[in-house]
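Hello,

Here is the structure I said I would pass on. My notes on it follow below.

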Amino acid sequence: MTYVSTGPSASDSACFLCDAAREHPAEDSLVVDRNELTVTLLNRYPYSSGHLMVVPVRHAPDVLSLTPKEGAALFASTQRAIGALTEAMHPGGFNIGINQGSVAGASVEHIHLHVVPRWGGDTNFMPVLADVKVLPEHLENTAENLRAAFDRLRPL
Ligand SMILES: [Zn+2]
């Protein structure tokens with residue numbers, strides 16, 4: 001196990017979260033926020049509108065392999081995600097969580113934190129981190145609105 005943050009490398013190319021961390025901000029991208037250590041993007045298969053994933057830039061497979069600095073950055077970026085979603089979409093609450101390991105529902109070996117905005121009456125409570133529910137969603141529009149909301153937040 002290495003505690004050296006190396007950033008994404010060519011060998012990570014099979015990982016879609018490494019791809020997202022590498023890509024340059026673009027209009028059609030689902031990336032809405034980034035800094036040196038984390039990237040935040042819309043989930044392509046959201047549990048609710050505005051479902052974000054906060055991802056360490058480095059291909060870290062689990063929570064234990066995050067450095068303290070990466071862990072702190074992950075949480076600070078989660079706070080930014082909640083701030084931007086609150087401003088742009090006014091949800092009533094959030095589910096925030098990590099699925100680690102395939103038995104826990106993780107679909108990719110690159111740890112990431114889900115931020116799922118919730119509105120009163122949207123569904124029954126907690127299955128959001130276990131059940132995939134595809135919503136009709138104009139992801140590019142949502143990404144654009146959220147990028148603007150992130151831009152209005154104070155920088156980390
Ligand atoms: Zn990765």
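The structure holds zero disulfides (a disulfide is a pair of cysteine sulfur atoms within 2.5 Å). This is a predicted model, in which local features need pLDDT of at least 70 and side-chain atom pairs count only at pLDDT 80 or more, while totals for chains, interfaces and linings use all residues. Residues are numbered from 1 along each chain as its sequence is written, and side-chain values use heavy atoms, with hydrogens and water left out.

Cys15 (SG), Cys18 (SG), His59 (ND1) and His110 (ND1) coordinate the zinc ion at 2.0 to 2.3 Å. Donors here are N, O and S atoms within 2.8 Å of the metal (3.2 Å for Na, K and Ca). The site is tetrahedral, with angles of 103 to 118° among the four donor atoms; four donors count as tetrahedral if all angles lie between 85 and 135 degrees. For comparison, the ideal angle for four tetrahedral donors is 109.5 degrees.

In sequence, the donor residues follow the spacing C-x2-C-x40-H-x50-H. Cys15 lies in the segment before helix H1 (16–22) and His59 in the loop between strand E3 (52–56) and helix H2 (68–89), so this pair ties together parts 44 residues apart in sequence. Helices (H or I, at least four residues) and strands (E, at least two) are DSSP runs, numbered from the N terminus.

Cys15 is buried at 5% relative accessible area, Cys18 is buried at 0%, and His59 is partly exposed at 26%. Buried means under 20%, exposed over 50%, and partly exposed in between (1.4 Å probe, protein chains only).

Regards

Definitions and conventions
Four donors count as tetrahedral if all angles lie between 85 and 135 degrees; four count as square planar and six as octahedral if opposite donors are over 155 degrees apart and all others between 65 and 115; anything else is irregular.
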